[in-house]
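Thanks for coming, everyone. Let me walk you through one structure. Have a look at it first.

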Amino acid sequence: AFVAVLARRLVEKNGVLYFAKAIALANRPDLHIIVAGDGADRAAFEKITTDAGCSDRVHMLGGVDNNQMPSVFSAGDVSILPSLVEATSIAGLEAMACGLPLIGTNVGGIPVIIDHEKTGLLVEPRSPEELANALISLCDNRELAMNMGKASLDRVTIAFSWDIIAEQTIHSFQQ
């Protein structure tokens, strides 16, 4: 199986219904989805995957404690950020710290953390087709997904560790 992790509140701004439609489009027997999150769009998300006949491969965990998220990410091969609006995604950085590549939308701070085709893939927001194609691409090329995951871990360690963030913050205040 190839496992995609969606760690988001299931609400409109997070683009989760577009991801549900992407799952339906990709609808492959080797593609499993772990959803760690809950929210107002959960019933609609579940309906889309049920209607597509792939709900048996979509594992809804509901809300997950933050300290359990490394285990959830470690079960995956890729993490998904289908947001319509986003600052810097903490969930994305956490997934990268667990060695996962990202598939994310080209909005807000997501392109700051994803180096397209190196640490993951950027797609246009509101595009189930692009999300599905990106998922299929990594599912079909698992070596590429693993290499992107290694590059993600390197990038998050070099650019987004707390030491680096603290140093940059101090530097900003000193100017």
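A word on burial before anything else: buried means under 20% relative accessible area, exposed means over 50%, and partly exposed is in between, with a 1.4 Å probe and protein chains only. Now the model itself. It is predicted, so local features need pLDDT of at least 70 and side-chain atom pairs count only at pLDDT 80 or more, while totals for chains, interfaces and linings use all residues. Residues are numbered from 1 along each chain as its sequence is written, and side-chain values use heavy atoms, with hydrogens and water left out.

One more convention. Helices (H or I, at least four residues) and strands (E, at least two) are DSSP runs, numbered from the N terminus.

Start with β5. Both of its faces are covered. L102 and G104 are buried on one side, I103 and T105 on the other.

What does β5 belong to? An open sheet of six strands, in the order β3-β2-β1-β4-β5-β6, with parallel pairing. Two strands pair if DSSP finds at least two bridges between them. At the edges sit β3 (58–62) and β6 (120–123), and each pairs on one side only. From one strand to the next, the twist averages 20°.

Look at the strand pairs. β4 and β5 run parallel, joined by three bridges. There, I80 stands opposite I103. β1 (residues 2–7) and β4 (residues 78–81) also run parallel, again with three bridges. V5 faces S79 in β4.

Next, helices on the sheet. Contact here means heavy atoms within 4.5 Å. Axes are lines fitted to C-alpha atoms, for helices over the stretch in contact, and angles run from 0 to 180 degrees between N-to-C directions. Helix α4 (residues 90–97) packs on the sheet and touches β1, β4 and β5. Its direction makes about 160° with that of β5. Helix α2 (residues 42–51) lies across β1, β2 and β3, at about 165° to β3.

Now helix on helix. Two packed helices are described by the angle between their axes and the distance between the axes. Take α6 (residues 128–140) and α7 (residues 142–159): the angle is about 100°, and the axes are 5 Å apart. The two are therefore roughly perpendicular; that label covers 65 to 115 degrees, with under 35 roughly parallel, over 145 roughly antiparallel and the rest oblique. Which residues meet? L138, C139 and D140 in α6 meet R142, L144, A145 and M148 in α7. That contact has five nonpolar residues, no polar ones and two charged. Ala, Val, Leu, Ile, Met, Phe, Trp, Tyr, Cys and Pro count as nonpolar, Asp, Glu, Lys and Arg as charged, and the others, Gly among them, as polar.

Last topic: salt bridges. The criterion is a side-chain nitrogen of Lys or Arg within 4 Å of a carboxyl oxygen of Asp or Glu. The structure holds eight. One of them joins R28 and D140, at 2.8 Å from N to O. R28 is in the loop between α1 (16–26) and β2, and D140 is in α6, so the pair ties together parts 112 residues apart in sequence. D140 is exposed, at 53%. A network of salt bridges links R28, D30, D140 and R142.

Another pair is R42 with E46, at 3.2 Å between the closest N and O atoms. Both lie in α2, four residues apart, about one turn of the helix. E46 is partly exposed, at 28%.

Finally, D56 and R57, with the closest N and O atoms 3.4 Å apart. D56 is exposed at 55%, whereas R57 is buried at 12%.
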